[in-house]
Amino acid sequence: MTTTEAADTADAAVPTPGAPEAPSDQAQGQGQGQAQAEPPGHEVHGYHKQKDEHLKRLRRIEGQIRGLQRMVEEDVYCIDILTQVSAGTKALQSFALQLLEEHLRHCVADAAVKGGTEIDAKVEEATKAIARMMRT
């Protein structure tokens with residue numbers, strides 16, 4: 001399973017009662033790959049090409065968290081809330097993994113081409129990010 005497939009699976013969370021439905025996959029695919037022009041001198045990061053897609057995923061995750069708040073306000077059964085917490089956590093982990101993959105493919109690969117001490121710094125930075133992700 002690729003990271004993207006895992007991300008799609010994690011984002012397909014259990015629907016939150018009373019929460020609006022997520023847009024269809026077809027609707028989500030519209031505008032894919034349309035990067036906005038950046039101002040001169042702005043650093044382009046590895047996630048830049050998928051920025052709009054990432055923002056959509058984060059908004060979906062935000063909706064899941066708001067759904068959790070509503071569930072608590074409405075005194076929903078604890079296990080149902082915990083199921084939603086698990087879905088939100090999985091979606092965030094999936095997003096982080098996708099971002100890490102893009103960092104490795106873009107930032108670390110770019111540093112490898114440049115060589116010198118920059119590659120060592122980028123590998124160390126990525127290793128620390130992986131360590132942080134493993135702690136959660």
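Among contacts in the chain between residues at least 6 apart in sequence, what percentage join residues at least 24 apart?

**Figure 1. Overall fold of the predicted model.** With contact taken as heavy atoms within 4.5 Å, the percentage is 64%. The chain has five helices and zero strands, in the order α-α-α-α-α from the N terminus; helices (H or I, at least four residues) and strands (E, at least two) are DSSP runs, numbered from the N terminus. Of the 136 residues in the chain, 23% are buried (under 20% relative accessible area, with exposed over 50% and partly exposed in between; 1.4 Å probe, protein chains only). This is a predicted model in which local features need pLDDT of at least 70 and side-chain atom pairs count only at pLDDT 80 or more, while totals for chains, interfaces and linings use all residues. Residues are numbered from 1 along each chain as its sequence is written, and side-chain values use heavy atoms, leaving out hydrogens and water.

**Figure 2. Helix α4, residues 78-114.** The 37 residues of α4 reach 52 Å from first C-alpha to last, close to the 54 Å expected at 1.5 Å a residue (1.5 Å times one less than the number of residues). A kink of about 30° is centred on H103 in α4; the bend at a residue is the angle between axes fitted to the seven residues ending there and the seven starting there. G115, with a positive phi near 75°, follows α4.

**Figure 3. Residue L55 in helix α3.** Helix α3 spans residues 51-73 and contains L55. This leucine counts as partly exposed because the relative accessibility of L55 is 34%.
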